[in-house]
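The sequence and the model are shown first.

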Amino acid sequence: MTVQQAVSPDPYFPANGDPRYRVHRYELALDYRPGPNRLSGTARINGIAGRSPLAEFVLNLADFKIGRVRVDGRQPHYTHRGGRLRVRPAKPIRAGAAFTVEVHWSGNPKPVTSPWGGLGWEELEDGALVASQPVGAPSWYPCNDRPADKASYQISITTPSAYAVVAGGRLLTRTTKASTTTWVYEQSAPTSSYLVGLAIGKYQTVVLADPGLGGVPQHGHIPAHLLPEFSRDFARQPQMMHVFQQLFGPYPFAEYAVVVTEEALDVPVEAQGLSLFGANHVDGARGSERLVAHELAHQWFGNSVSIADWRHIWLNEGFAKYAEWLWSERSGGRPAHRHAAAAHRLLSSLPQDLRLADPGRKSMFDDRLYERGGLTLHAVRCAMGDDAFFRMLRGWAGLHRGGSVSTTTFTAHVARFAAEPLDEVFQAWVYDTALPPLPTADTRMAG
């Protein structure tokens with residue numbers, strides 16, 4: 001496992017995250033009432049100071065009322081402004097020392113504003129949904145909000161008993177008292193703050209795959225009236241899981257869940273061990289199957305293997321895009337080279353001013369980044385041949401499982417598997433902006 005800790009603020013979101021420490025574990029105890037959209041919570045956060053003594057540190061938390069803050073049981077000085085909870089312990093924390101922060105907060109959660117609209121906690125007509133990429137996590141809990149700071153989570157949520165609660169991870173207990181039910185989930189794998197997913201609603205749970213011996217438990221949580229369409233649209237997900245484990249290596253988490261909300265979503269959203277789809281992605285005709293593949297692939301690329309900072313987002317989205325093409329190729333659809341040709345035609349008609357390795361904050365979710373990212377992997381595959389390419393891909397997911405990576409990490413990794421240097425390929429596709437010629441499949445490629 002590689003953990004590439006940032007030593008400076010994220011260049012795209014300098015107000016989010018604090019590189020002076022890292023978090024080992026979050027324990028969140030929440031109480032949510034859907035009617036008044038009222039959230040109260042207690043967070044116990046186990047952190048480790050960096051290489052310098054920690055006279056102060058910052059947690060990201062949106063505009064809630066703070067009940068109390070404690071550091072190692074003692075009352076610190078703190079301020080809470082502009083989404084930043086700045087904490088000054090009674091005495092500095094030694095370099096490398098473990099410490100515990102406790103925060104109590106309450107209020108009406110709402111999305112945080114961003115260039116892409118509201119992110120994070122979203123109140124639905126009957127329930128709530130969390131989709132935080134990239135900076136929405138502080139909309140509902142205090143966190144060190146940067147993708148490379150990965151921690152384990154235990155989340156306890158109490159809601160009225162009519163509602164189901166779905167979170168990424170293993171459901172440990174579900175306890176009903178009077179009119180409320182408390183759900184406790186454990187996510188032991190290292191998780192970025194933006195990937196802590198949550199859905200609260202009136203869902204029916206179905207088993208998508210009998211895991212059998214060594215299989216991956218897969219569940220769907222959907223509104224009951226969408227069950228017939230869902231059953232067809234997600235019927236091939238277990239096969240998808242099998243194909244991706246062949247191509248990418250073992251599924252990196254203990255289970256996988258998908259949630260379909262009653263409402264429409266612009267795009268599905270990945271979380272750790274969990275993907276969130278809108279009712280508009282369920283049509284009974286497998287009209288969104290490529291998105292089912294895309295979100296599942298993110299469990300390897302983006303979730304298990306995470307980015308050191310947001311400049312490297314093509315390592316999430318380009319890989320998930322290429323997984324769409326690989327699923328098509330392996331399931332009787334168009335081969336990857338035909339998808340690549342279509343993507344190349346599209347990109348050739350669009351402005352060529354996007355640098356994949358550092359697209360800038362405004363362009364980090366540009367469609368061109370997804371398509372060019374997929375094409376980059378296709379170019380690498382064409383240059384390496386199938387055998388070396390897929391060995392490289394499985395090695396990437398395995399070596400960096402639970403860790404954080406950068407574009408430089410990837411180019412160095414590829415060099416270990418390539419028979420000849422691919423510097424020119426990466427320069428053209430990743431660092432330059434002009435669109436290179438369509439990669440051509442050589443005789444070493446299948447399909």
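Is Pro160 buried, partly exposed or exposed? In this predicted model, the relative accessibility of Pro160 is 22%. Pro160 therefore counts as partly exposed, since the buried class requires a value under 20%.

Pro160 belongs to strand 10, which covers residues 151-160. Beyond its neighbours within four places in sequence, Pro160 has contacts with Tyr32, Arg33, Pro34, Ser179 and Thr180. Thr176 is 16 residues from Pro160 in sequence, and the C-alpha atoms of the two residues are 9.3 Å apart.

## The annotated domain

According to an unreviewed UniProt entry, residues 239-429 carry the annotation "domain: Peptidase M1 membrane alanine aminopeptidase".

## Aromatic pairs

A total of 31 aromatic pairs is found in the structure. One of them joins Phe57 and Phe99 in a tilted arrangement, with 5.2 Å between the ring centres and 45° between the planes. Phe57 is part of strand 3 (residues 57-60) and Phe99 is part of strand 7 (residues 98-107), so the pair ties together parts of the chain 42 residues apart in sequence. Phe57 counts as buried because its relative accessibility is 0%; Phe99, with a relative accessible area of 2%, is buried as well.

Phe244 and Trp300 form an edge-to-face pair, with a centre-to-centre distance of 6.1 Å and an angle of 85° between the planes. This pair links distant parts of the chain, 56 residues apart: Phe244 lies in helix 2 (residues 237-248), whereas Trp300 lies in the loop between helix 3 (289-298) and strand 20 (306-307). Both Phe244 and Trp300 are buried.

## Charges over rings

Two further contacts involve a charged group and an aromatic ring. The charged end of Lys202 is placed over the ring of Tyr163, at 5.1 Å from the ring centre. The ring of Phe390 has the charged end of Arg330 over it, with a distance of 5.5 Å to the ring centre.

How values were computed:
Residues numbered from 1 in each chain as written. Predicted model: local features only at pLDDT ≥ 70, side-chain atom pairs only at ≥ 80, totals over all residues. Heavy atoms only, no water. UniProt positions renumbered as here; feature names shortened; annotations may be inferred. Phe/Tyr/Trp six-rings, centres within 6.5 Å; stacked < 30°, edge-to-face > 60°. Helix = DSSP H or I, 4+ residues; strand = E, 2+ residues; numbered from the N terminus. Buried < 20%, exposed > 50% of the residue type's maximum accessible area, 1.4 Å probe, protein only. Lys NZ or Arg CZ within 6 Å of the ring centre and 35° of its normal. Contact = heavy atoms within 4.5 Å.
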